[in-house]
Amino acid sequence: MRKTTLLYSAAQALALSGAVITVSVAPLVGKVLAPSAELSTLPYGLQFASVIVCSYLLSMAMKRFGRKPVFYLACFSFALGGGLGAYSIYSHSFVINCIAHALFGMAFSAFAYFRFAATDGLSSEQTAKAVSLVTLGGVVAAFVAPILTTHSRLLIPDYAFSASYLMFIALAVLLAVVLSTVPANTQSREAADKVTAKNSSSKQNYKTELILAIYASGFGYMLMALLMMQSSLKMNAMGIEFASIMLVIQSHVLAMFIPSLFMGRIIALIGVGRVIFAGYMVMLASMLIAINFESYNGILVALIGIGLGWNMLYVGGSSLVASLPGDAHKLQGLNESAVAVLNTIGAFSAGWLFASIGWENSNWTSMFLLLPGFALLILGWLKKSTKL
């Protein structure tokens with residue numbers, strides 16, 4: 001378990017480094033290559049659309065062919081996207097740049113299954129720890145990706161950011177090497193017996209738990225993305241310097257991933273339901289702070305809290321999906337598709353909501369959107385207590 005989990009965590013660090021690079025590079029390159037300013041973010045939008053389209057399909061492909069062949073295909077897509085991205089700058093082709101980012105989206109949709117692949121064959125007690133440790137790879141990406149982007153930006157004179165795209169080829173090769181060392185999945189007979197017993201006794205309840213997990217992971221991701229992007233707009237409107245804004249974002253990203261060091265142990269100790277409950281509470285409290293303390297320090301504290309709450313909801317929801325009975329690949333595919341759709345909504349509605357209703361009302365809206373998941377969790381507990 002430990003070797004497999006650490007290798008998938010390393011793979012996650014490499015994949016997320018690529019994701020951070022695309023966030024930094026896509027809008028700037030799109031602005032230069034696009035025929036009009038309105039289309040400058042289209043490549044990044046196509047990347048999100050590709051994730052939505054591919055998430056469920058790739059999960060079913062993993063069911064048919066296994067995890068590794070799909071991961072290797074994603075590595076090829078990653079490298080091809082990087083090569084095409086660099087060529088799009090050399091040839092000044094907006095269409096080729098769009099194709100490159102669509103290929104990145106396909107790769108990212110596959111890489112999202114690293115945390116589930118790490119849980120294959122594990123007992124329910126081990127699942128949360130594996131998911132948490134794989135998610136921890138984001139800490140490395142938070143430090144590595146900005147360095148890679150900064151130093152590669154002007155590495156090739158006259159073709160800014162072309163070397164940044166070429167970095168994806170190197171990342172793809174490293175990913176393939178790491179994945180090649182992941183041990184083959186050998187599910188123990190004891191673990192298989194546990195899964196079989198759970199399937200027969202709990203199958204009728206998995207749909208409710210799946211909705212609970214998707215709500216926690218999906219809406220947690222959507223609202224985190226929305227408020228993270230809006231915080232930059234808010235601080236910029238307040239006249240705060242760029243370096244200070246970046247400090248808030250980096251603190252937020254670290255708060256998203258560092259808790260993964262111990263979140264799996266906490267889930268094993270107190271249960272996934274209580275961790276999801278705590279995640280909702282932390283997110284709600286952070287939004288109240290953002291509403292009532294519209295200062296630099298207030299936004300900093302709120303963003304750190306939102307990052308921590310996201311980790312509880314994302315790791316908790318993912319752990320719950322990984323431990324559900326039934327067709328694991330189908331359930332994971334449904335979860336990832338929903339998370340992709342909601343994350344896309346959050347990312348692309350952030351600017352519009354900030355311009356139309358402002359920072360304070362966006363936080364109020366986010367609070368109301370969390371309440372149905374919170375209520376679903378409470379109702380589930382009441383239903384269980386009534387049965388007892």
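Helices and strands in this talk are DSSP runs, numbered from the N terminus: a helix is H or I over at least four residues, and a strand is E over at least two. The model is predicted, so local features need pLDDT of at least 70 and side-chain atom pairs count only at pLDDT 80 or more, while totals for chains, interfaces and linings use all residues. Residues are numbered from 1 along each chain as its sequence is written, and side-chain values use heavy atoms, with hydrogens and water left out.

I begin with helix α7, which covers residues 137–152 and contains T149. This helix has 16 residues and reaches 22 Å from its first C-alpha to its last, close to the 22 Å expected at 1.5 Å a residue; the expected span is 1.5 Å times one less than the number of residues. A kink of about 30 degrees lies at V144, shortly before the proline P146. The bend at a residue is the angle between axes fitted to the seven residues ending there and the seven starting there.

Is T149 buried or exposed? T149 is buried, with a relative accessible area of 9%. Buried means under 20% relative accessible area, exposed over 50%, and partly exposed in between, with a 1.4 Å probe and protein chains only. Other buried residues of α7 include G137, V139, A141 and A145. Leaving aside residues up to four places away in sequence, T149 touches I21, S24, V25 and S164, where contact means heavy atoms within 4.5 Å.

I turn now to the aromatic residues. A search of the whole structure finds 22 aromatic pairs. Rings of Phe, Tyr and Trp (its six-membered ring) pair if their centres lie within 6.5 Å; planes under 30 degrees apart count as stacked, over 60 as edge-to-face and the rest as tilted. F78 and F104 form an edge-to-face pair, 6.0 Å centre to centre with 75 degrees between the planes. This pair links distant parts of the chain, with F78 in helix α3 and F104 in helix α4, 26 residues apart. Both F78 and F104 are buried.

Finally, consider A290 in helix α13, residues 272–292. Which residues does A290 touch, not counting residues up to four places away in sequence? They are A302, W359 and N363. A290 is buried, with a relative accessible area of 0%.
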